[in-house]
Amino acid sequence: MAAAPDALNPDESGEALVFSFDINSMCCDSMYPTPDESSKVVARVKEKLAIGVPVLIRGFKLPGPQYKFDRPSMEQYKSSLHNPVVFQDAAKRSKYVRSLKDAGYNSSDDEAAESSGDEGTPPKIYGELPLGEFIDKATSTRICGNLLDSYAPDHSGMPWFIGLMNEQNHAMFQNRLYNLALPCKAGTKRRKLEDAAELAGPQLMHPDTYQLVMWDLITHGGFVSHTHHDAGGAATWMAIRDGAKFWTLIKMKTDGLVSREQVQQRFKRATKSLPKLLEKYHDEVEQIGTVCLVPGDILIQPPNIMHCVYTPVKTVATGGHFYCYDLCHLTELSLDIDRKYGHVTTNQAHPSVLRLIGNLALALPNRWDKPLRKIPFLALALMVLDSNKYEGNSKGQGSAQYYPQGRYMREIKGESAYAKQVINCVLDFNGIPGDVPSMHSLIHKRPGKDINSPGDEYVDLSCLKSFEFVSVVQ
Ligand SMILES: O=C(O)CCC(=O)C(=O)O
Ligand SMILES: [Fe+2]
């Protein structure tokens, strides 16, 4: 991987795979930018992400305590070294892959894996240790592990330009006063209680809704993460606190593919081992490149970009996921690939994704005066109108189960019904057919168009200026 081409310098096509700049070239004081400077930085980053280009911001030290890969830092940050952590264990992972091969199929043999019914079974690739012991084992040759997505109890390190792109959080804030839950059965005690409470805003959230925003990777030296795209169709940021990561990004070629099925297949093939991909399927790879991430670097990935990662020394990194209106075409694409091949293309389930996406739609009336490109809007519309199709495969992954008539599910269903009203209002006003098959052909079949491109047409959101929800009764 380390020998892969440099992602920051142009290849034969004259384009660098990753767009990079030093934050100090755009801000007099990178920690305290003026509103004008911060809006220019965010606009520049979003413009690149929206065409599927990863961005590397250099010269930005994470604010807050400068945690290291050692016991005192981790005790301060995570507040206990006794708490158990569940980590990916490289040896167990190899054993698991070998057992699949012995059983007659491998990760590239989808039909066998699918028909085995095993696609959602959590692989036995995890180990569990108290955090302190996991830290100590970084110097042991017996265990090589990666503690992934351990949610950050301290958000002081979040870069301001990431906070500004957490549009799913902005949307949740704008929707905080609406009680959109479907009512429970009339005449019941519960109904009386809920009516009397005059609840404002959502009362029940899956913890993932906020946990996905910021988390840490605590990784032993030598660990390799195989090629995947990040789960839940999210954009991802990543910063090194202590150590380094060789981050290899792989942009798959998609021109000439005429159907979604072909695109899905291509991304599934991208998960083959890197040597195999480059030997056998190199004509399916548009660009590949590696960047060495060190403290001071913030890598920001658009949804759906494939990547694999080698951590040469013990490393603490912090990152997070976010959603933006302008990136919804990439979010939709990524979720659509995972719908079919999530068991190989990605690594984590995010149970809150569709709720966050619904909230983006619900908050649109607050943005009636902002430009929104048509393709990302249509992708958002499709994810809202046909939301069942985008549910991740959570089979066997310990996902929470909710009582269908319980408040949590009534909030989800209510929000979904109201989000559809917003979407239909915009579709009607812009003369766009709102039935799902037509939307599929608008979004999934764009022959001759780059699937990463948001296009250059806009939708008119002015109909949302005085938008009011129409009551939905179950
Ligand atoms: O640090 C690593 O090994 C991989 C991180 C990553 O890509 C992820 O968590 O999705
Ligand atoms: Fe990843």
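Predicted model: local features only at pLDDT ≥ 70, side-chain atom pairs only at ≥ 80, totals over all residues.

Reader: Thanks. How many helices and strands does the protein have?
Author: There are 16 helices and 15 strands. The radius of gyration is 23 Å, close to the 23 Å that the globule rule gives for 474 residues, so the protein is as compact as a globular protein of that length.

Reader: And what does the C-alpha trace span along its principal axes?
Author: The trace spans about 65 × 60 × 55 Å. Of the 474 residues, 40% count as buried.

Reader: Turning to the ligand, which strands each supply at least two residues of the shell around ligand 1?
Author: They are β5 (145–151), β6 (215–219), β7 (223–228) and β12 (306–311). The largest share, three residues, comes from β12.

Reader: What is the make-up of that shell by class?
Author: It has four nonpolar, six polar and two charged residues. The residues around ligand 1 include L148, F223, D230, K245 and N347.

Reader: New topic: where is K389 found?
Author: K389 lies in the loop between α14 (374–385) and α15 (407–429).

Reader: Why does K389 count as partly exposed?
Author: Because K389 has 13 C-beta neighbours inside 10 Å, and a residue is exposed at 12 or fewer and buried at 20 or more.

Reader: What separates the C-alpha atoms of K389 and R339?
Author: Their C-alpha atoms are separated by 7.5 Å, although K389 and R339 are 50 residues apart along the chain.

Key
Residues numbered from 1 in each chain as written. Chains lettered and ligands numbered in written order. Helix = DSSP H or I, 4+ residues; strand = E, 2+ residues; numbered from the N terminus. Rg over C-alpha atoms; globule rule 2.2 N^0.38 Å. Near = placed C-beta within 6 Å. Nonpolar A, V, L, I, M, F, W, Y, C, P; charged D, E, K, R; others polar.
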